[in-house]
Amino acid sequence: MTLTNPLGEEEHYDVLNVFPFTSETKRMGIVVRARETGTITFYMKGADAVMTKIVQYSDWLEEECGNMAREGLRTLVFGRRIVTPEEYEEFSRAYAAAKTTMVAREERVKEVVESLEHDLELIGLSGVEDKLQENVQSTLERLRHAGIKIWMLTGDKIETATCIAISSKLVARSQFIFQLVASSTDEVQHKIAEFAQLHDTALVIDGRTLQTCLDYFPDEFFAAAQHAPSVVCCRCSPTQKADVVELVKKYTGRRTCAIGDGGNDVSMIQAADVGIGIVGKEGQQASMAADVSVDQFSFISQLLLWHGRNSYQRSARLCQFIIHRGLIISFIQAVFSIIFFMAAVAVYTGWLLVGYSTWYTMAPVFALVLDEDVKKSDAFTFPELYQELQKGRALSVKTFCIWTLLSVYQASVIMVLGILLFESNLLNIVSITFTALILSELINVAFTVRTWRLMIVLAEVVTFALYFVSMILLPTYFDLAFIMTWDFWWKVVTLTCCSCLPVYIMKLIVRKLNPPAWTKLRE
């Protein structure tokens, strides 16, 4: 290794050992030997919380670290120590033996390295600005307005984390900040009770106090913290981050999403219900371990408020229609069997059943995944729309019961009226009721669509045209002479109107009395 000193002279060194950085030790070191003088030097850098115990006492170190932290800078302390040849020879033998041992290798290596980590000469202190990515402030503000509780788990000092929380708009201007820092369990319990009495106040807690809360007062801590608009946990180790995520799930019963960009965040990401990894300068460990990977933090608002919201609503409607599609044809068969004294006769057979599950209903139902209730710009302008999803009203036991009753009503109307209006042929029952069933399903989809798109229109039109052509090509199931008469079509229209019109009127009444939030934007 060749370096150029401030005087412009080249210095040559041999690298003897390298001790890489780990999230547990929070420091890294290197042992080098100068070729010209043969001096062996051990250099180390790391977090100030760790290095203050390793370097020799300095009256300015703690003060300068605090000053830099208050400016939002991440501090690193640098130290060195001259190692004698005899000492290094002894260290090398112990280090080689520790690396080749078969029992507790990591612990043995750690103990040997720590034999060098004492009485280091303090040679410098650096403050690095942890520059925020673009649009971080607006993203966090949108997520807060969307009703998402945000916890920031970081390894920074409490002053640095507080500055970052304020600058990133994690803490609103109107909110107060309560620092939960204590040295005894009694003081921790007292401060938790004090914080529980406050309202609209962000919580900032350091790692030592957090561990005390998790060990002795988990119930009281999470009961108070879950009502805070935001929580900042400082000096957190990777294990603490994962523990916090697990306990948040346990004590609040909420779904958790962990977002990180470094190797320290992997355990937290894997512990959450959904893990999001950001590809950054710290490597790709987080993005590789996550469920979703993004390039920038600002993409999270698009991921949740737009894609996530649409995905939930589309999946809910798709599930409901698939359930309805299966229930209605089952209830039709049940009503038919009841009317004909429980006769073991299938009303629809063969290609009709196959076509109902595929050609006649699949395209319109699955086209609902293209539907949108609001524009993309409106979803970002009004993030409060996301809060409706947290109520779980789009897919619940209530909606399942509603769709079940809808299936019972439409199946009863189609079959009962079909039997009252048919001539004297079972084939006419099949023709009338099955056509009314297909039209009812197409109309149900049309009633649900909020934004008509070309693909949705094509799915509706092509499906109806395909069904009409199949009536001509399947003479075994349809009497072509009968379906070409006005008698067939007025009966089909009557059945379809009786099954769909009351449903449409009821939807209009409910929407008028209790309009969804997205309808207000369109008005």
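This is a predicted model: local features need pLDDT of at least 70, side-chain atom pairs count only at pLDDT 80 or more; totals for chains, interfaces and linings use all residues.
Which residue forms a salt bridge with Arg93, and how far apart are the closest N and O atoms? Residues are numbered from 1 along each chain as its sequence is written, and side-chain values use heavy atoms, with hydrogens and water left out.

The partner of Arg93 is Glu89, and the closest N and O atoms of the two are 4.0 Å apart. By salt bridge I mean a side-chain nitrogen of Lys or Arg within 4 Å of a carboxyl oxygen of Asp or Glu. Helices (H or I, at least four residues) and strands (E, at least two) are DSSP runs, numbered from the N terminus. Arg93 is exposed, with a relative accessible area of 53%, whereas Glu89 is partly exposed at 45%. Here buried means under 20% relative accessible area, exposed means over 50%, and partly exposed lies in between, with a 1.4 Å probe and protein chains only.

A search of the whole structure finds 17 salt bridges, and I would like to show you some others. Asp265 forms a salt bridge with Lys241, where the closest N and O atoms are 2.9 Å apart. This pair links distant parts of the chain, since Asp265 sits in the loop between strand E11 (257-260) and helix H11 (266-271), while Lys241 is in helix H10 (residues 238-252), 24 residues apart. Asp265 is buried, with a relative accessible area of 9%, and Lys241 is buried too, at 5%.

Next, please find Arg309 and Asp373, whose side chains meet in a salt bridge of 2.8 Å, N to O. Arg309 lies in helix H13 (residues 299-339) and Asp373 in the loop between helix H15 (362-366) and helix H16 (376-381), so the pair ties together parts that are 64 residues apart in sequence. Arg309 is buried, with a relative accessible area of 2%, and Asp373 counts as buried at 1%. Asn310 also has its place in helix H13, and at 4% relative accessibility Asn310 counts as buried. Not counting residues up to four places away in sequence, Asn310 touches Glu372 and Asp373, where contact means heavy atoms within 4.5 Å. There is also a network of salt bridges that links Arg27, Glu114 and Glu117.

Let us turn to a loop. Ala182 lies between strand E8 (176-180) and helix H7 (185-196), and Ala182 is buried, with a relative accessible area of 11%. Leaving aside neighbours within four places in sequence, Ala182 is in contact with Glu187, Val188 and Thr209. The C-alpha atoms of Ala182 and Arg208 are separated by 8.3 Å, although these residues are 26 residues apart along the chain.

Finally, which residues form a nonpolar patch on the surface? They are Leu501, Tyr504, Ile505, Met506, Leu508, Ile509, Val510 and Leu513, with about 770 Å² of accessible area together. Patches are made of residues with over 30% relative accessible area and no salt bridge, like charges being joined within 9 Å and nonpolar side chains (Val, Leu, Ile, Met, Phe, Trp, Tyr) within 5 Å. Accessible areas come from the Shrake-Rupley method with a 1.4 Å probe, and for residues only the protein chains shown count as cover.
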